[in-house]
Number of protein chains: 2
Amino acid sequence: MRIGILGGGQLGWMTVLEGRKLGFEFFVLDSDPKAPACRVADAVFTPEQVEVFAKNCHVVTCEFEHIEESLIEAVSHLLVPSHHILKLKRSRIEEKSFYRKMGYPTAHFSFAKAKDLLHELKEFRLPAIVKSEKLGYDGKGQYKIEHTSQIEEVLKNHSPQENFLIEEFVDFLFEFSLIGVRNKRGQVRVYPITVNYHDGGILLYNYTKNIQIKEAEDIITSLMSDLNLVGLLAVEFFFCKDGKVLINEMAPRPHNTGHYTLDGCYTSQFENLLRAIADLPLGSTKLKLPSGMVNLLGISLEDMDMEGILSMEGAKLYWYGKEKRERRKMGHINVVGETQEQVAEKIKSILELLHQRI
Amino acid sequence: MRIGILGGGQLGWMTVLEGRKLGFEFFVLDSDPKAPACRVADAVFTPEQVEVFAKNCHVVTCEFEHIEESLIEAVSHLLVPSHHILKLKRSRIEEKSFYRKMGYPTAHFSFAKAKDLLHELKEFRLPAIVKSEKLGYDGKGQYKIEHTSQIEEVLKNHSPQENFLIEEFVDFLFEFSLIGVRNKRGQVRVYPITVNYHDGGILLYNYTKNIQIKEAEDIITSLMSDLNLVGLLAVEFFFCKDGKVLINEMAPRPHNTGHYTLDGCYTSQFENLLRAIADLPLGSTKLKLPSGMVNLLGISLEDMDMEGILSMEGAKLYWYGKEKRERRKMGHINVVGETQEQVAEKIKSILELLHQRI
């Protein structure tokens, strides 16, 4: 079977590396032939070649939801997860409105055009979070507003007609995520909970926690079914101080908080994505060992204390081979250990090693 | 760092897939551009291009010891493990004589030219094992002699000047192997023991066993040091009915009995090979979970009960994408489980599924 991937980033790269083992071929579409997934693909196509790409793939998936509409349309008959899910994800306002319509719990929110932002903000107790409607990932276009005077600064980066989502600030106890997978025949599996730690809107590290939050599991299972999703769904949640669980956001693709599954679980999120879209039985999402992950942000291989990191028992490096940019995700380190505490200790040591050298 | 691999088989393929994660580039030399490792390499070279290949690699390793002498010589200044170890491995007689010279325990053996085989066999109690000196792997050129009358049949396949190794037949309790790794700075790690089951000279399945055989661990550690080896060393042993441990043979490369390490160990044999030759600290060889492996011999993807196999919790398929030939190693299935018994049960089920459909 030949699988097409829209986007050549690290999510596609890990999907290809895992999928090789199942005997699949991979065509990757990206404008940059040096992108991680392109370097391990059987063939690489530019966006202009999307018709040939589509003609030669049995199924197409994507590793990034912010893809040009024309590309999505050219492959929509082959696309898994399907077009309507990606569309929903491309607007923060549509996504949140969907949760509201379907009765899923979220923080209180509203939306407004840039020019009406100040007015709408008056309905919120500050601090509040203001997010641009489009291209929302890794904290991009996202602002924490402590005082209305900050709005002037925000508007400098945006046109008056741009739409914004305004959210009540959630003073959560912790952030966690669940990743679920659903195949064509409706079989469903959910991975263990991970607790996630962000730094400036970008995931810095996460680790598995031996707790079950039934409410969240019910939400993700029901979301996959409501969306009639085939593939992966990652859902980020807030666990609030009053015990409430709120959806922060979802992503219908491999997720950064699931990278640990490559070393920590019976079946990785990448393999399960492929099994789902290839109409194969899903693999077990069970944990082999307590696990975690540290993102390598804006660092080069030379900057890193490789000796220190590779000497750590159970640390596994994934280096994406991308050009270094400030705070860019350059790679990650998966960690396994015998206990949760051991994993947390190792993550702490890795973070220390990284800071030592940056 | 750019790593060259002599040979494009599945051992190279898994080395490349693992090595991508560490950020290495791979050049592969093989006469068949469709060989598994070639399909995932950054560049592929034919044997005629060995000079260019060598000029562009920082280090060269091999995934098969039966490589033409001229190729080995062209890369010998970059070759890890080094030339002398490969040479030793290319003659069954030299290999066994080395063990004898160094005082390592082996079955009683002798050697003779084809024309003198019958005469030499008289010194042995039958059954005995007769093996051609060269190209010995997967049971090739290997004969179990129950009666001297069989020799006539053996000699039909060989020239009178060909050398043969004659070994006493070992009525062992079980076969097991150890895989060790040693890096440039002399750091050493040894993987857990696996018990191995062969079928007609080809490994059919193996699994980890929670026993330690100190004598064998001492042998492999001392062998790596005697050989001044950098890289992997797999040693196959017989555990005899009288409690003795004998060396059957060794291989200075990733080994079929170590495929389980990809899913069962903190660090796979392939990653540890790369760490060793790249002068990096070795990774932990600890077991995550009891593990095993089943080889897929002479089967096509279409022949397989994929539904059955992929439905099994903890079964992970590795499909090499080679052309089907009788008894050829086409892929393998790694298995993990919570207990040794569970792993053994799963292996049994896989073997049953495979037989059902072959």
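Visitor: Which residues of α1(B) are buried?

Guide: This is a predicted model. An α-helix has 3.6 residues a turn, so residues three or four places apart point the same way. In this case the buried residues are Q10(B), L11(B), G12(B), W13(B), M14(B), T15(B), V16(B), L17(B), E18(B), G19(B), R20(B) and K21(B). With 12 of the 12 residues of α1(B) buried, that is, under 20% relative accessible area, the helix is largely enclosed by the rest of the structure.

Visitor: What span should the 12 residues of α1(B) have?

Guide: At 1.5 Å a residue, α1(B) should span 16 Å, and its end C-alpha atoms lie 17 Å apart, so the two agree. Just after α1(B) comes G23(B), with a positive phi of about 85°.

Visitor: What is the order of the strands in the open sheet of chain B?

Guide: Strands of a sheet pair through backbone hydrogen bonds, either parallel or antiparallel. Here 4 strands are ordered β3-β2-β1-β4 in chain B, and the pairing is parallel. On average, neighbouring strands are turned by 25° against each other, direction ignored.

Visitor: How many bridges join β2 of chain B to β3(B)?

Guide: There are 3 bridges between β2 (residues 25-29) and β3(B), which run parallel. L29(B) has F45(B) in β3(B) as its bridge partner.

Visitor: Where does α1 of chain B lie?

Guide: Helix α1 (residues 10-21) lies across β1 (2-6) and β2 of chain B, running at about 165° to β2(B). Helix α10 (residues 269-277) of chain B also packs on the sheet, touching β1, β2 and β4, and its direction makes about 145° with that of β4(B).

Conventions. Residues are numbered from 1 along each chain as its sequence is written. Chains are lettered from A and ligands numbered from 1 in the order in which they are written. This is a predicted model: local features need pLDDT of at least 70, side-chain atom pairs count only at pLDDT 80 or more; totals for chains, interfaces and linings use all residues. Side-chain values use heavy atoms; hydrogens and water are left out. Two strands pair if DSSP finds at least two bridges between them. Helices (H or I, at least four residues) and strands (E, at least two) are DSSP runs, numbered from the N terminus. Axes are lines fitted to C-alpha atoms, for helices over the stretch in contact, and angles run from 0 to 180 degrees between N-to-C directions. Contact means heavy atoms within 4.5 Å. The expected span of a helix is 1.5 Å times one less than its number of residues. Buried means under 20% relative accessible area, exposed over 50%, partly exposed in between (1.4 Å probe, protein chains only).
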